[in-house]
Amino acid sequence: MEISQKTRWNYIDILKGIGIILVVLGHTDRISDDLLKWIFSFHMVLFFVVAGYLIGKQYQGEKVKEIALKRTAQKILLPYFWFSLFAIVWDAAGMIIGRPGYSIDSMIEKGRDFITGYGISVLWFLPAYFVAVVLYRALRSKLNYGLCLMSCILLSATYLLIEWVPAYALNAERVLEPGVVALLFSFAIWRGVFCALFVALGEGICLFTEHIWKRKVLCVITALGALGIGSLAGMYNEMASLRYLQIGNAFLFVVSGVGITTGLLMLCKWYGECSPLEFAGRNSLLILVTHLDFRIMNAALKCSDKVFEITDHNFARNLTLAVVLIVLEIIVIFILNRFFYFLFGKKETVKDKIFAPSREEE
């Protein structure tokens, strides 16, 4: 039976909450290299897997009945446009008042990154997510799951082969950089094509977990095993970055991304409810586009450094960082949801739903 698109599940919001917290944590300079490597091995993959998981929950293994191009564009590309524009205007304002680091060249660079789909700062994720989800839904509307998964594997392998040939010939790292290539072959397309594989695997994870869920002990053991295997693969792989499509060993990257995400997802479903993480998950898109580009991270780091100067204590500095980040994000989330909801393709304010619990339907 097809489930409504409006249905929410608590554990999915918890998982997305964990994911966006790790995104924010990965942008601080207060964590060890090993923890940073572990976070980058899966934290952006998580959101693509969740997209596929929700497709599996909605259609229960049947073919997708709607590509949802317009709805997905409103939810993803509208924020990409508005917050890219905000970043460019911020540079223009900085240049006008004469702040160092702001110039015509920086505005041109950001404009190019916006147009090509390379993305300004964290905004790279939005066009990549749009391409991956729309591509997968289009394939899934025509093919059964098995053929769709095979198609996504072939598409991802094709990208890897295209990138490996010139890199091997030049003895260079496979790291995409903006430029002429970006104008001819949009980075949004490359990233989206590659990440469609994780959307496909997300649906498979949904079908698998739904099948074994009644055996709770087996689910917990499976979750811990997936977490362990995924973490081990991530530690053996190179430092990964989906933004630059620098993934090291492709097999290890897929195992780490899917393994850790699967383990966390099953543990979140087993745990059930956690209001703070659900709140972060429901507002993960807002947190993504504001924590850096609204200078919230910068403000929190400066406040924490001031506290460190006074106390000379790392715990006080890190606690200040966390508190300032949380307080400022809650304020920004409330303002955006209350007054600027149209930036996210919403037709009405969600002021009465900001702190409301998710609706769970099994």
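R71 is partly exposed at 31% relative accessibility, where partly exposed denotes the range between buried (under 20% relative accessible area) and exposed (over 50%), with a 1.4 Å probe and protein chains only. The partner of R71 in a salt bridge is E66, with the closest N and O atoms 3.3 Å apart, a salt bridge being a side-chain nitrogen of Lys or Arg within 4 Å of a carboxyl oxygen of Asp or Glu. E66 likewise counts as partly exposed, at 36% relative accessibility. The structure is a predicted model, in which local features need pLDDT of at least 70 and side-chain atom pairs count only at pLDDT 80 or more, whereas totals for chains, interfaces and linings use all residues. Residues are numbered from 1 along each chain as its sequence is written, and side-chain values use heavy atoms, with hydrogens and water left out.

Over the whole structure, a search for salt bridges returns nine. One of these joins D305 to R30, the closest N and O atoms being 2.9 Å apart. D305 belongs to helix 14 (residues 296-311) and R30 to the loop between helix 1 (10-26) and helix 2 (33-40), so this pair ties together parts that are 275 residues apart in sequence. Helices (H or I, at least four residues) and strands (E, at least two) are taken as DSSP runs and numbered from the N terminus. D305 also meets the side chain of R317 in a salt bridge, at 4.0 Å from N to O; this second pair links distant parts of the chain, with R317 in helix 15 and D305 in helix 14, 12 residues apart. R317 is buried at a relative accessible area of 18%, while D305 is partly exposed at 33% relative accessibility. Together with D29, the residues R30, D305 and R317 are linked in a network of salt bridges.

At the level of the chain, the fold comprises 15 helices and zero strands. Of its 362 residues, 48% count as buried. Among contacts between residues at least 6 apart in sequence, 79% join residues at least 24 apart, a contact being defined by heavy atoms within 4.5 Å. The chain exposes about 18000 Å², of which carbon and sulfur atoms supply 67%; accessible areas come from the Shrake-Rupley method with a 1.4 Å probe, and for residues only the protein chains shown count as cover.

Part of the surface is a nonpolar patch of about 920 Å², made by F315, L319, V323, V327, I331, F334, I335, F339, F340 and F342. Patches are made of residues with over 30% relative accessible area and no salt bridge, like charges being joined within 9 Å and nonpolar side chains (Val, Leu, Ile, Met, Phe, Trp, Tyr) within 5 Å. Within this set, I335 is found in helix 15 (residues 314-339) and is partly exposed at 35% relative accessibility.

S84, in helix 4 (residues 69-96), is buried at 1% relative accessibility, and a polar atom of its side chain lies 2.6 Å from the backbone oxygen of Y80. When residues up to four places away in sequence are not counted, S84 touches P79, F114, I120 and L123. T116, in helix 5 (residues 104-116), is buried at 5% relative accessibility, and its side chain reaches the backbone oxygen of R112 at 2.9 Å. The C-alpha atoms of T116 and A188 are 7.5 Å apart in space, although 72 residues separate the pair in sequence.

With a disulfide taken as a pair of cysteine sulfur atoms within 2.5 Å, the count comes to zero. The sulfur of C152 is 4.6 Å from the closest cysteine sulfur, in C148, which is too far for a bond. C152 is buried at 0% relative accessibility, and C195 is also buried, with a relative accessible area of 0%.

Backbone geometry was examined for positive phi values. Most residues other than glycine have a negative phi. S121, in the loop between helix 5 and helix 6 (125-140), has a positive phi near 55 degrees and is partly exposed at 21% relative accessibility. L245, in the loop between helix 10 (216-236) and helix 11 (250-271), has a positive phi near 50 degrees and is buried, with a relative accessible area of 1%.

How values were computed
A polar contact is a pair of N or O atoms within 3.5 Å; within protein, one must be able to donate a hydrogen and the other to accept it, and residues adjacent in sequence count only if both atoms are side-chain atoms.
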